[in-house]
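This report walks through a model of two protein chains with their ligands. Please keep the sequence and the coordinates at hand while reading.

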Amino acid sequence: MPALKVEHLAKTYPQKRPLFGAAPPGVRAVRPMSFQVETGETLGVVGESGCGKSTLARMLVGLLEPTEGTIEVEGKALGTADPSEFGKLIQYVFQDPQSSLNPRKTIRQVMEAPLKRLHGMAKPARKRRIAEIFASVNLREEFLDRYPHEFSGGQAQRIGIARALAASPRIIILDEPVSALDVSVQAQVLNLLADLKTRFGLTYLFITHDLAVVEAVSERIVVLYFGAVVEIGRADRIFASPRHPYTGLLAESAPVVGRSLKAPEQKGIELPDPLNPPSGCAFAGRCPRATDLCRTREPELKQMGEDQLAACHYPLEN
Amino acid sequence: MSAFLTLLFRNRLAALGAVVIAAILILVLNIPLLPLHDPDVTATADRFMRPFAEGHLLGTDHLGRDLLSRLLHGTRLSLAVGIAAALIAAAIGSAIGIFAGYFGGRTDNIVMRGVDMLMAFPYILLALAIVAALGPGLMNALIAVAAVNVPFFARNIRGITVGLAGREFVDAARLAGMGHIRIVLTELLPNVLPVIVIAMSTTVGWMILETAGLSFLGLGSQPPQADLGSMLGEARSAMISHPHTSIVPGLMIFLIVMSINLLGDGVRDALDPRLRSGALSRPRATTLVKRHGDVPPATDELLAIQDLHTEFHVGKRNLRAVDGVSLAVRPGECLGVIGESGSGKSVTALSVMGLVASPPGVITGGAARFQGEDLIGAPYESLRQKRGNRVAYIFQDPLSTLHPLYRVGQQLAEAIRSHNNLSNTEARVRAIQLLNDVRIPNAKSRVDDYPHEMSGGMRQRVGIAMALANEPDVIIADEPTTALDVTVQAQILSLLDDLRRERGLAIIFITHDFGVVAQLCDRVAVMYAGQIVEEGPTQAVLDAPAHPYTKRLIACVPELGGGRRELAAIPGLPPVLDDLPPGCAFAPRCSKAAKRCRQGEIPLHGPAFHAVRCLFPERAL
Ligand SMILES: Nc1ncnc2c1ncn2[C@@H]1O[C@H](COP(=O)(O)OP(=O)(O)O)[C@@H](O)[C@H]1O
Ligand code: SF4
Ligand code: SF4
Ligand SMILES: [Mg+2]
């Protein structure tokens, strides 16, 4: 049984109704998508800003109600968007560690909330549990009575992770958890996350725009473009032998030591406009392989070789 | 709290206000202890006695009542009513504001439309209408004054709440199982409380005045009860013949409102976070320069930073953010500056054009020369002319270069026209072309957007277009692509690369990404704790780093194609800059640190093209 199973999950943000006339069609931030994450797996999600990463993440933790589709955790469907029901199963680690902590609460107050509200623990039990969690994320207990501004980014992110662990979830959604951190601290936090995963048998959904990071931490990777999954594959292969032209473009664009700089794209190509989405393949405006078929029919996600799927009419050969 | 009071009383006017209002408060609170006449006992024989008369210090009024006694009782009543009105207005207004701001959407819309409608009426007219409906009386005047002030609080607090409700800690609280009420009370309220206090301290004076106004018109306190407004009102008919009866309450109203407003403004300023970090003084136009020692002689490089020292003086702390940095670029050259946050990269860059905020920043030594001319300490006007035209910046945070109230096209055209003689239409065409160059999709329509209508990545690209607008000789780019997507980053990097090859643009590129440095830069300098620890040709530094810090920094960055693996993290944190260890700043985190490393300054040494600041480098140079 997969830890997380998502079927036809989609989100359309309604647009403001004009004074006269019918409401325009909404912005389809996430198009119906299906995927699953096995227990103990780390599924990486990459894509550029605005491709729907955070919308997806917020639906998964119940902060946002999906327009359609279902979310199942360990075989149990999560019906209503009630964050406290979700909270015990799925937790979230935010991108900006400082802004995810209330500046006027001590770390102890932050840590106590999930224990008290989600698990109804009594005071002595909470104290013990907090000590346990703090030990596992290498934070000193004396930090508990301090306020968020006294911590560096790396420490604040550890606190954010500790708070997520306090809910004893099965799955943690990591939304760009190290993007705001310095490289030396980034490595510390990534290693800590890997360690916690094995220790507590967690399952991760790791969202990022950093290809190198996602490759280093994930088993499988989902590539999103314009609100839809364009490719899914094994982390160790997907960037080396991409099937979807967009995945290929991403891999070529990433700055890599020892590879010379070349513009991977021509100037003057058109990016898709969410308010006026193109018909057919959303990538067609940027794709050198695009034909009329691409511009009229939306490609479906198809199996391409062993454990790799891509949504493209003319996939790259490898 | 004590810091707040120090700041507050450094403001002389606020201190004066505090003293005056405190004196008045002490006086009226001790009324039962003072030997006063009964304020309401009339004695028609003693009408209109002058001040300093026997037994009546301030004289008497038209019914022979003791003015001093009426003044103090009246002041007490006016203050009580004004403060009560302020508390009620603040409580109701803030509740509405928090409610509307937190729930947003339709609730917010309806509530705020109602508030707008109330605000559309003239203030005093609304108050009069309310009293007219309820009938005269002090209680009703209080209600009226509170009611007309509710919208002010609702509006202010809603604005703050909207900002807070979008913050991630509110989402985190929901995920921790908190309900809406609990989130409003425990997450939002503590954060808006300071704003409520500020709003109250700046409005309570006016509310006292408004209550007095209603009483003056006979709509507030009813005879014989005295408040400041009704005293004035009753004295009106004798204003010419017996002016003291009006002057006494009038002066008191003046004192109260002035002192409360002065104190309120002081409280607002002291709670302002911008003033808390620095002194109460205005920021200077350019960075303060207090150079010790000799200024290094000119060289023939295009832009040369020479032995630069920049410090931040914050209270008693003295942060050495830049501690003897030397860098230089020639035309067409790209120099990378790499390091973790806080290592002094940005401060080095900002010092060149005197853009470090002063206070607290001070340049204490060195030079920054453009074509041999020292920019440090140069007059503001000459720096302003060079900025954008000769030396342009691309900042980490694009909002610092864009004005929120103008369309991006206008701002670009403005920048172009400030250094070129172009017509409006020509400038617009050029602006669109620049937006195209930095890969803004649909540049023709985007040119008329306001900055807030663009995504962060898009604004950053506009910032880059601004820097390119006047074809500068040098671009100092401070993490310009950190927030951008890889495909956009690749485009921007190749654009910069083209410009330096075709036009001989020199670039100082600050980043923390080795991949970017490897692709764009000819040379790279690695910074740690305000110093350069290694500098050399990019290829040589990346292939075989000489400084242990460089080596470990490279090792802890995952690289595409490296596969799934454990990363080699560097233990510990960068040092605090006002408490640097003696000797090598990296020693506490270095596995090779020896006793010698912790003693005395370690110089940057090696052949001219590759230098390292380490006693036991990873390889011989
Ligand atoms: N306005 C300021 N007031 C006080 N300290 C500052 C200010 N700006 C920067 N600093 C300090 O100067 C040091 C160097 O900062 P910075 O140049 O921004 O580093 P980098 O750009 O390498 O991240 C840091 O320790 C930072 O805290
Ligand atoms: S479907 Fe066509 S346009 Fe879309 S990625 Fe494939 S080849 Fe390119
Ligand atoms: S000087 Fe010593 S402590 Fe500093 S980096 Fe070199 S070996 Fe390490
Ligand atoms: Mg910086």
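## Basis of the report

The model is predicted, and local features are reported here where the pLDDT is at least 70, while side-chain atom pairs count only at pLDDT 80 or more.

## The interface between chain A and chain B

The contact between the two chains draws on 68 residues from chain A and 61 residues from chain B. Between chain A and chain B an area of about 5,600 Å² is buried, and carbon and sulfur atoms give 56% of this area.

Two salt bridges are found across the interface of chain A and chain B. In a salt bridge between R58(A) and D171(B), the closest N and O atoms are 2.7 Å apart. Polar contacts across the interface of chain A and chain B involve 20 residue pairs, with both residues at pLDDT 80 or more. On the side of chain A that touches chain B, at least two residues each are supplied by α2 (83-87), β6 (90-93), α3 (107-119), α5 (153-166), α6 (183-200), α7 (211-217) and α9 (245-253) of chain A. The largest share of that side comes from α6(A), which provides nine residues. By class, the residues of the side of chain A that touches chain B comprise 32 nonpolar, 20 polar and 16 charged.

## The four-stranded sheet of chain A

Four strands of chain A form an open sheet with antiparallel pairing, in the order β2-β1-β4-β5. The edges of this sheet are taken by β2 (27-37) and β5 (76-77) of chain A, each of which has a single partner strand, so one side of each is left without a neighbour in the sheet.

Within the sheet, strand β1 (residues 4-13) of chain A pairs with strand β4 (residues 68-73) of chain A in the antiparallel sense, over five bridges. V6(A) has I71(A) of β4(A) standing opposite.

## The eight-stranded sheet of chain A

A further open sheet of chain A is formed by eight strands in the order β6-β7-β8-β3-β9-β10-β12-β11, and here the pairing is mixed. Because β6 and β11 (302-303) of chain A stand at the edges with a single partner strand each, one side of each is left without a neighbour in the sheet. Strand β6 (90-93) of chain A is also among the elements that supply at least two residues to the side of chain A that touches chain B.

Strand β10 (residues 228-234) of chain A and strand β12 (residues 308-310) of chain A are paired in the antiparallel sense over three bridges. G233(A) stands opposite Q308(A), which belongs to β12(A).

## Surroundings of the ligands

Around ligand 1 there are 14 residues, of which G342(B), G344(B), K345(B), S346(B) and V347(B) come nearest. An oxygen atom of ligand 1 lies 3.0 Å from a polar backbone atom of G344(B), and a polar side-chain atom of S346(B) is 2.5 Å from an oxygen atom of ligand 1. For V347(B), a backbone N or O atom is 2.7 Å from an oxygen atom of ligand 1.

Ligand 2 is surrounded by 13 residues, the closest being C281(A), C287(A), C294(A), C312(A) and H313(A); the shell consists of ten nonpolar, two polar and one charged residues. Ligand 3 is surrounded by 13 residues, with C584(B), C590(B), C597(B), C614(B) and L615(B) as the closest, and the shell around ligand 3 has eleven nonpolar, one polar and one charged residues.

Methods:
Residues numbered from 1 in each chain as written. Chains lettered and ligands numbered in written order. Heavy atoms only, no water. Contact = heavy atoms within 4.5 Å. Buried area = accessible area lost by both parts, 1.4 Å probe. Salt bridge = Lys/Arg side-chain N within 4 Å of Asp/Glu carboxyl O. Polar contact = N/O pair within 3.5 Å; in protein donor to acceptor, adjacent residues only side chain to side chain. Nonpolar A, V, L, I, M, F, W, Y, C, P; charged D, E, K, R; others polar. Near = heavy atom within 4 Å. Pairing = 2+ DSSP bridges.
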